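Subject: Model for your files

Dear colleague,

Here is the structure I said I would pass on. My notes follow below it.

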Amino acid sequence: MAAETTGTLDRYPLPRLLCFLEKKAFTGVLRIEDAGSTREVLVNEGIPSALYPKTLQALTRQFLEWGRLDTEQYAKLMTSLSAAGAQEEQLLAEVAGITPDELLKGRRYLLFKDLCRLFALPAAPFVLSTQPDPRLQQHDQQVAIEPMYLVYNGIRNSYTEDRIRDDLGALDGHAIRLQPDSDDLIVRFGFGEEEASILQYLQHGYWILEDLITACEADSLPVLMVVYALWSAGGLESAQQDSVPRLQPKKPAAPHPAASSPLATGDVGTEADLVGDANAEIRTDVARVQLKHAASSTSSPDASSPTPSAATATAPQAAPQAAPQARPAPQSAQSMAQPKPGGRRKTKTMTPMSGTFAAARIPDLVLRKARMSATRLKSAGDLKPEAVEILEELLDRLDTMDGQSPFEQLGVQMQATSVDVKRAYMQLVKRLHPDRLASIGLQELTEAADALFKRFTQAHQTLSDPDNLEEARRIYSGDSSAQDPEEARRAIEAEVNFQKGEVFFRKSDFAQAEDYFRLSVEGNPQEGEHLALLAWTMYQSTPKAGRDDRRDEVQKMIIRALELSPHCAKAHYFLGKLFLETGKQDSAMASFRRATSIKANYIEAMRELRLLTMRRERAAAPKRRSTIMEMFSLKKRKNK
């Protein structure tokens, strides 16, 4: 590469440019023109490790937003930082006791957030320079950002569907599939459960892009984002669509009674078992709470569900979590009564399990059906050796899953890193995912695979977060302190109700959501996020004609939620929406900015910021009157 290479980001989009620099192990400076100023990204062997110019006092403001500083400490720091020669990190350590690990996490998060903003520059000019730069030797390599993780999150934060389709124009008339041996690349992107089914389809064979979107049964934008990220990094194979056999979306087939009905096989169970839970679609993830509230035995309502949850996009791994606050037990024991969603509902108590990872047991009916189906399939002799091997592994895991630690469930060592955890999970997706079983003739076992994958997903969500991973090592190595089982039960029950409320909230069923959120707040009144969702759901369930009377009450509840959890991005977003309704645009923009600073990929808050910015720009732009010649030309065109 020459000492300096120039270009523009519309011709060389930033995702592809960063992937290219990583592939070439580029060391130098990437300079991007940004609204009249120059942003300089230091790149060391293809890895972004610093960004200049740095924002003054940014680290101090970030720790304030995370709730790590109080207002008195912040004021003292800002006064000291105004003095010449003051060192921000040194003062943070002296005044607020910020540890070196916290400082490192804060610096990495700020670098990640600033780099993500560069993806919003669709046509900016850039210069690549390999000239020696002394700053490359001065910065801390521990702050460097994984380029593939940055690329995917940058796409998610800043790219619209039209922009992605424009960049993917080269794939018109082509079919695509996942490159073989792409596991490491998938892990480096940080793909999780939300992207697992898309990757599974891409692994099966060649797809035309629109057919892939149809097969995934999802909004087109998430699918396009995954495809664009993989394509930018060379993770896809493409071929002329008429030159390769292509996969097509399958139409759902009606299940054969003889193969799927327990009644037909003699495994009748009970009527309640056959009807099932009317809310089986509610998918809960209580692994985090169970991990935080370690107890030798607990009980909670049955939270089993047939399929793993499609996880919402998480915040960057580099972002530190605010210091966990103790959750005092409620003043009185809470009722076990549940709201009454439509339809039949059965309640049972979980069998206490050893250890702290006491997730919902795999239902006995599912186990019985799986064993009978396996016996029938093996006796028929129609299975290929690969299918028989997977069948045996599936049965073995079903028998041993309950009671295992998350490390044992994923098959990783206690010393495994979060990268090892993601790699192990993706291997399980490739081998035992329900879609995979259906493709090799094991359709009858998809229900069992669904139940199994709920446990894999829960284990992965517990261990893929670095902070949770460290806590899991401590707990499962035997270094865990005793805790009140009743307190743990209440906290877990509150989290289960909160997750159920979120499901109804996403469906805009605000009445049901309010019932569950109210129970979650009663069970854990110190959790700010629970209170914020309850407040906003109350507001949404109120008819528009009566919202003016309720707005003050809801706003006070959200402010209280922020006092409990200052780093709750949703609470800041809801507060911004309330400010908008009362015409307080400056306050609304401040709240939306706070939400995006806490959660870098908060799409809704970013959209509100863009809309507000556009409105202000239009309002500030002088109105231009049409000239006489323009009016004449317009009239002439109309007459034609």
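Axes here are lines fitted to C-alpha atoms, for helices over the stretch in contact, with angles from 0 to 180 degrees between N-to-C directions. Helices (H or I, at least four residues) and strands (E, at least two) are DSSP runs, numbered from the N terminus. The model is predicted, with local features needing pLDDT of at least 70 and side-chain atom pairs pLDDT 80 or more, while totals for chains, interfaces and linings use all residues. Residues are numbered from 1 along each chain as its sequence is written, and side-chain values use heavy atoms, without hydrogens and water.

Helices: the axes of H1 (residues 14-23) and H7 (residues 147-158) come within 10 Å and cross at roughly 175 degrees. That makes the two helices roughly antiparallel (an angle over 145 degrees). In the contact (heavy atoms within 4.5 Å), Pro15, Leu18, Cys19 and Glu22 of H1 meet Pro147, Met148, Leu150, Val151 and Ile155 of H7. By class, these residues are eight nonpolar, no polar and one charged (Ala, Val, Leu, Ile, Met, Phe, Trp, Tyr, Cys and Pro count as nonpolar, Asp, Glu, Lys and Arg as charged, the others, Gly among them, as polar).

Strands: pairing requires at least two DSSP bridges between two strands. S2 (residues 28-34) runs antiparallel to S3 (residues 37-44), joined by seven bridges, and Val29 stands opposite Leu42 of S3. Two residues lie between the strands of this hairpin, where Ala35 has a positive phi near 50 degrees. S2 also pairs with S5 (residues 125-129), antiparallel over four bridges; Leu128 in S5 is the bridge partner of Leu30.

Regards

Methods: Parallel < 35°, antiparallel > 145°, perpendicular 65-115°, else oblique.
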